[in-house]
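Please look over the sequence and the structure shown here, then continue with the points below.

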Amino acid sequence: MVRTEGGDGEYTIRILCESASQPELGFFTEANRITRQATGGRSNMVNLRLRPWKDTDEVQISSTLGVVWIARPVSTGGVLSLTLDVVPASFLEDNAPVAMTYDRWTAGERPEGGGTLEFEANCGVRDPEAPSYRRLPDTGGGS
């Protein structure tokens with residue numbers, strides 16, 4: 001579930017998890033072509049990705065709404081719920097587009113904009129409508 005600040009949008013999206021018991025190890029939004037086929041034409045309205053950040057104990061969380069780097073969160077029973085203030089993934093600086101980078105983030109150089117990203121990633125329960133070839137391996141947390 002992904003919610004934007006102020007409750008002006010709420011979406012349920014399909015995610016693919018690296019681990020059924022630990023979403024903090026990484027997940028990403030299912031490809032739109034697969035979602036559209038399964039839903040009769042509806043696309044993912046929001047994209048969401050959590051990935052480990054290089055050789056640190058941090059993760060990058062990026063979405064259609066913005067980007068953030070945080071210390072690796074901890075899930076409970078394959079469910080990760082977070083509320084985060086994100087910044088735009090790109091912005092204008094001296095009339096030129098600039099991507100938000102980890103170095104800028106850690107230096108505190110954060111552009112105006114962004115908003116609040118609230119989500120719950122449930123990797124502990126397999127979507128019964130997901131194709132069988134997408135089944136997650138059983139890692140002890142249930143799948």
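Two residues are in contact, or touch, when heavy atoms of each lie within 4.5 Å. The structure is a predicted model, in which local features need pLDDT of at least 70 and side-chain atom pairs count only at pLDDT 80 or more, while totals for chains, interfaces and linings use all residues. Residues are numbered from 1 along each chain as its sequence is written, and side-chain values use heavy atoms, with hydrogens and water left out.

**Overall architecture**

- The chain contains two helices and eleven strands, taken as DSSP runs numbered from the N terminus (helices: H or I, at least four residues; strands: E, at least two).
- Read from the N terminus, the order of elements is β-β-β-β-α-β-β-β-β-β-β-α-β.
- Of the 143 residues, 38% are buried (under 20% relative accessible area; exposed is over 50%, and partly exposed is in between, with a 1.4 Å probe and protein chains only).
- Among contacts with a separation of 6 or more, 47% join residues 24 or more positions apart.

**Glu24**

- Glu24 belongs to the loop that runs between strand E3 (15–17) and strand E4 (27–29).
- Leaving aside residues up to four places away in sequence, Glu24 touches Leu50, Val59, Arg72, Pro73, Val74, Ser75 and Leu80.
- Although buried, Glu24 has no salt bridge (a side-chain nitrogen of Lys or Arg within 4 Å of a carboxyl oxygen of Asp or Glu).
- The nearest side chain of opposite charge to Glu24 is Arg72, 7.2 Å away; Lys and Arg count as positive and Asp and Glu as negative, with His and the chain ends not counted.

**Gly114**

- Gly114 is found in the loop between helix H2 (102–106) and strand E11 (115–122).
- Its relative accessible area is 44%, so Gly114 is partly exposed.
- Beyond four places in sequence, Gly114 touches Leu65, Val86, Val87 and Pro88.

- Strand E9 (residues 90–93) and strand E10 (residues 96–99) pair in the antiparallel sense over four bridges; pairing requires at least two DSSP bridges.
- Ser90 stands opposite Ala99 in E10.
- Two residues lie between the strands of this hairpin, where Asp94 takes a positive phi near 55 degrees.

**Confidence**

- The mean pLDDT of the chain is 82, and 80% of its residues reach 70 or more; pLDDT is the predictor's confidence in each residue, from 0 to 100.
- Over residues 132–137, pLDDT stays under 50, and the model has eleven contacts beyond four places in sequence for them.
- Where pLDDT is low, the predicted coordinates should not be read in detail.
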